Amino acid sequence: MAAKIKKGDRVVVLTGKDKGRQGAVLRVLPKEHRVVVEGLNMVQRHTRPTQTDPQGGIKNKEAAIHISNVAIVDSKGKPTRVGFRVEGDKKVRVAKTTGEVING
């Protein structure tokens, strides 16, 4: 199945503690049906000192969100579903609300 959400897409969170907040997709985990969004779903991890990080301590990082809980933001700033259309010889992603082609 084609990817509806890709790395770099601007998405809005639909449910959960970060509902309504927007961010860019940093990583897509297709096998787990999850995405990691920049600055959202932050969790604290207790890390021990290593050679690369001699300080250690409590670090904040983004946790993955289920892909069904995020939606792509269209050109008007509203959440939209994604459809597909063939233009010429290419299959492109299309915003359902506006009908515009999604860059990516």
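Begin by selecting strand 1 and strand 2 (residues 22–29), which run antiparallel and are joined by three bridges; strands here are DSSP runs of E with at least two residues, numbered from the N terminus. Within this pair, select V12, whose bridge partner in strand 2 is Q22. This is a predicted model, in which local features need pLDDT of at least 70 and side-chain atom pairs count only at pLDDT 80 or more, while totals for chains, interfaces and linings use all residues. Residues are numbered from 1 along each chain as its sequence is written, and side-chain values use heavy atoms, with hydrogens and water left out.

Next, widen the view to the open sheet, where six strands follow the order 6-3-2-1-7-8 with antiparallel pairing, two strands being paired if DSSP finds at least two bridges between them. At its edges stand strand 6 (64–66) and strand 8 (79–80), and each has a single partner strand, so one side of each lacks a neighbour in the sheet.

Now select I5, V11, V35, V37, V70 and I72, which have the most contacts inside the largest nonpolar core, a group of 13 residues. Such a core is a set of buried Ala, Val, Leu, Ile, Met, Phe, Trp, Tyr and Cys residues joined through side-chain atoms within 4.5 Å, where buried means under 20% relative accessible area (1.4 Å probe, protein chains only). Strand 1, strand 3 (34–37) and strand 7 (70–73) each give two or more residues to this core.

Finally, select D9, found in the segment before strand 1 (10–13), which is buried with a relative accessible area of 6%.

Technical notes: Helix = DSSP H or I, 4+ residues; strand = E, 2+ residues; numbered from the N terminus. Buried < 20%, exposed > 50% of the residue type's maximum accessible area, 1.4 Å probe, protein only.
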